[in-house]
Amino acid sequence: MPKIRPCLWFDGDAEEAANYYVSLIPDSRIDRVGRSPADNPSTPEGEVLTVEFTLAGQPYFALNGGPNYHFTPAVSFQIDCEDQAETDRLWAALSEGGEEVACGWLTDRWGLSWQIIPRRLTELISHDDPDIARRAMQSMMTMVKIDIARLEKDALNP
């Protein structure tokens, strides 16, 4: 087990969320589902209390902790996408039932924030040519979901 892993707090649907996340991302799996050994304020005895899962090789821990705490955009998960097809697939899946925000950000149906970022965006906004980097940043700021073709057009063809 790694020394540090994120713990995500859910209100009764940790297993559903973990199963959904692992269905979307390669090298992902449910590692263990733990049931509550006794009644507690958030989970009756025998119900799912914890879910240990792996997303793209990174371990996570999900807790059915009850309704007291909610996700905020102050913590988000960034997914590095190979191309527009992967960007579109993950965007559609994770935004379903959630909310599209801006600049590649969305919140899923559980309120967890994600950044769906094509590699090309990272390449362009960190380009050696400061004018290309600036135009890429300006283009990204006008988008909700990142559109690689438009980003390249705006950044590379002034």
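Mentor: Happy to! Let's begin with helix α2: what covers its buried residues includes α1, β5 (76–81), β6 (99–100), β7 (105–107) and β8. Keep in mind that this is a predicted model.

Trainee: Which residues in α2 are buried?

Mentor: Thr87, Leu90, Trp91, Ala93, Leu94 and Ser95 of α2 are buried.

Trainee: And how far apart are the end C-alpha atoms of α2?

Mentor: They are 16 Å apart. With 12 residues at 1.5 Å a residue, α2 should span 16 Å, so the two values agree.

Trainee: Which residues make the contact?

Mentor: From α1 you have Tyr20, Tyr21 and Leu24. Arg89, Leu90, Ala93 and Leu94 come from α2. Sorted by type, the residues of this contact are 6 nonpolar, no polar and 1 charged.

Trainee: Okay, new topic: the sheet. What's the order of the strands?

Mentor: There is an open sheet of 4 strands, in the order β1-β4-β3-β2, with mixed pairing. Its edge strands are β1 (7–10) and β2 (29–35), each of which pairs on one side only. On average, neighbouring strands are turned by 20 degrees against each other, direction ignored.

Trainee: In what sense do β2 and β3 pair, parallel or antiparallel?

Mentor: β2 pairs with strand β3 (residues 48–55) in the antiparallel sense, over 6 bridges. As one example to find on screen, Arg35 has Val48 in β3 as its bridge partner.

Trainee: Where does α1 sit relative to that sheet?

Mentor: α1 packs on the sheet and touches β1, β2, β3 and β4 (58–64). The direction of α1 makes about 15 degrees with that of β3.

Trainee: One last thing, I clicked on Gln115. Is it buried or exposed?

Mentor: Gln115 has a relative accessible area of 14%. Buried means under 20%, so Gln115 is buried.

Trainee: Which strand is Gln115 in, and what does it touch?

Mentor: Gln115 is in strand β8 (residues 113–118). Leaving out residues up to four places away in sequence, Gln115 touches Ser76, Phe77, Gln78, Ile79, Gly104 and Trp105. Remember that β8 is also among the elements covering the buried residues of α2.

Trainee: Great, thanks for the tour!

Definitions and conventions. Residues are numbered from 1 along each chain as its sequence is written. This is a predicted model: local features need pLDDT of at least 70, side-chain atom pairs count only at pLDDT 80 or more; totals for chains, interfaces and linings use all residues. Side-chain values use heavy atoms; hydrogens and water are left out. Contact means heavy atoms within 4.5 Å. Helices (H or I, at least four residues) and strands (E, at least two) are DSSP runs, numbered from the N terminus. Ala, Val, Leu, Ile, Met, Phe, Trp, Tyr, Cys and Pro count as nonpolar, Asp, Glu, Lys and Arg as charged, and the others, Gly among them, as polar. Buried means under 20% relative accessible area, exposed over 50%, partly exposed in between (1.4 Å probe, protein chains only). Two strands pair if DSSP finds at least two bridges between them. Axes are lines fitted to C-alpha atoms, for helices over the stretch in contact, and angles run from 0 to 180 degrees between N-to-C directions. The expected span of a helix is 1.5 Å times one less than its number of residues.
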